[in-house]
Amino acid sequence: MKLTSSFALTRAAVLSACVFAGGCAHWPATPRLEQAGAPGYRFGEVTRPGQSDELLVVLAISGGGTRAAALGYGVLEELRRTEVMVNGVKRRLLDEVDVISAVSGGTFPATYYALRGEKTFEEFEAKVLSREFESELAKRIILNPVNWFRLPSGTFGKSDLFAELYDETVFEHATFADLKRANGPLVIINGTDITIGARFSFTQDQFDAICGDLSKVTLGRAIATSTALPPLLTPISFENRGGTCGRKAPAWQTAVEAASAGSETPGRALLRARALQSYEDPARPYVHVFDGGLSENLGLAEVVRAMEILKVSPNEAELAAFRRARKVVVIAVNALRFPVVDWDASDAPPDTDVVTDQMWSIPVDRITLDGVEQVRDKLAAWQSAVPGRSAYFAQITFENLKDPVEQLYFKQVKTRLQLPKEQVDKVREVGGRLLRESPAYRRLIADLNAGR
C-alpha cells in the first residue's frame with residue numbers, strides 16, 4: 001500500500017512538473033526599451049577610476065572552451081602582477097585595461113573579472129575552471145523531469161539550460177546593470193546573428209537596434225549565447241522590436257557613407273551600420289544568435305571598426321578615448337590550436353566526420369588570422385598619423401612557444417567546457433609566460449617605466 005501511495009505521489013509530481021513545463025518551456029522575454037540612446041552599457045559610459053587618458057588598453061580573448069578561459073585568466077593574472085609607472089604613479093597594468101572584447105570560452109574570465117574585480121583571483125578557479133559544465137548540464141537534463149518536456153518544445157534548448165546554469169551557479173543572477181555598477185573594464189560579449197551572419201555584441205548600442213533593455217539581461221544568458229556552438233548547442237533567441245524606440249543612426253554613419261561613396265565595397269564600419277539597421281525589418285520579430293566565433297573568433301572586430309571610424313570621423317564622440325590616447329595597447333589572447341594530423345600521409349581523403357569538422361574550423365581559423373593582420377595594419381596607420389603616438393600589439397598564442405614538445409602538448413588540449421586540472425593549470429601558466437615574453441609587451445613596460 002505504501003509503495004502504491006509512493007508511486008502515486010511520484011506520478012502526480014511528474015505530471016505537475018509536465019504541466020508546469022508546458023507553461024515555461026520558452027526562453028525568457030527580452031526586456032523592452034522605451035527610448036534608444038538612453039544611458040546604458042556602452043563605450044564611453046563605462047569608466048574606471050584613476051585611469052590615464054593617455055593610455056588605452058584593449059584585451060581580446062578568443063573562443064576555445066575552457067582552454068580559452070584558462071589562457072585568458074592566465075593573462076589577467078600576469079597583468080595583475082605587472083606594475084608600471086603611469087603619469088608618475090605606480091599602477092598595475094590590469095587596472096589600466098579599458099575594454100575586453102571576448103568570444104565564447106573567453107567570455108568567462110572577461111566577464112567575471114569585470115564583475116568581481118579583485119575577488120576574481122580568489123573565486124574564478126572554483127567557479128569556472130574546475131567545473132564540469134558538460135556533466136552538470138547532463139544531470140540537469142536527466143534528473144529534472146521538467147527539462148524532459150522543456151527541451152523538445154522547440155522554444156527552449158540546451159543553451160537556455162546552460163544560461164540558467166551560469167546564471168545560478170557562476171554569476172548569481174547578475175545583470176548588465178550590475179556589470180556597469182562594478183566599475184570594471186567594458187566587456188563586449190560577442191555572438192553571431194544566424195540570419196545575417198553579422199556579429200551580435202552585448203552592448204546597449206546593439207540592443208538599441210532591437211529596442212531591448214540590456215541592463216536587465218543576465219550575464220549568464222549573454223555568455224550562453226556566445227558559447228552556443230552548433231550542432232551540440234542551440235541558438236539563444238531574443239525578441240526584436242527594432243524601429244519602435246526612436247533609434248537614430250550613429251553620427252559616424254554619415255561620414256562613413258560619404259567616404260564610401262563611389263566605392264564598390266562599403267567597408268566594415270558601414271557594413272556594421274547596415275547590420276544594425278536591418279533589425280527595423282518588421283518581418284524579423286525575433287533574433288536568433290549563436291557562438292560568436294562563427295563571425296570572428298578573437299574579438300578584434302571592434303578594434304578594426306573603431307580604427308575605420310576614426311579614419312573618416314576623427315572627432316567621433318563615441319571614440320573619444322581613442323582620440324585622447326597617446327599609447328594604444330592591444331593584447332590578443334588567441335587559444336587557437338592546429339591539431340597534429342596525418343591526413344596527407346594517405347592516398348585516401350579524410351572521412352566525412354573530419355571533413356565536416358574542417359568545414360567549421362577552416363573559415364573560423366582563417367578569419368581569425370586575417371583579423372590579426374588587419375589590426376596590425378590599423379595600429380600602424382594610427383601610430384603614423386600623429387607624431388608622439390605609440391601602438392603595441394601583443395599576441396598570446398601557442399604558436400609562439402619555442403619548445404616544439406611543449407607546443408605539441410597544447411595543440412592536443414581539446415575545445416571543451418571541462419578539462420582535467422593538469423591541463424587547466426598548464427594553460428593558465430603558459431598564458432602569463434607568453435605575455436611576459438611578448439616583445440610588444442616588454443617594449444610597453446620599458447616605455448612606461450622610462451616615461452616615454
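On a 1 Å grid over the protein atoms alone, a pocket is an open set of points where a 1.4 Å probe fits, with protein on both sides within 12 Å along at least five of seven lines; lining residues have an atom within 4 Å of a point. A volume is the space filled by probe spheres set on the points, which are joined across faces, edges and corners.

The model is predicted: local features need pLDDT of at least 70 and side-chain atom pairs pLDDT 80 or more, while totals for chains, interfaces and linings use all residues. Residues are numbered from 1 along each chain as its sequence is written, and side-chain values use heavy atoms, without hydrogens and water.

**View 1. The largest pocket has a volume of about 1400 Å³.** Leu229, Arg337, Asp357, Ser361 and Thr415 come closest to its centre, out of 41 lining residues. Have a look at α15, which gives the most to this lining, ten residues.

**View 2. The second largest pocket has a volume of about 640 Å³.** Its lining holds 34 residues, and Arg42, Asp205, Trp252, Arg305 and Glu318 lie nearest the centre. Here the largest share, four residues, comes from α13.

**View 3. A disulfide (cysteine sulfur atoms within 2.5 Å) joins Cys211 to Cys245, S to S 2.2 Å.** The torsion about the S-S bond is about -80 degrees, so this disulfide is left-handed. Both partners are buried (under 20% relative accessible area, 1.4 Å probe, protein chains only): Cys211 has a relative accessible area of 0% and Cys245 one of 2%.

Conventions. Buried < 20%, exposed > 50% of the residue type's maximum accessible area, 1.4 Å probe, protein only. Helix = DSSP H or I, 4+ residues; strand = E, 2+ residues; numbered from the N terminus.
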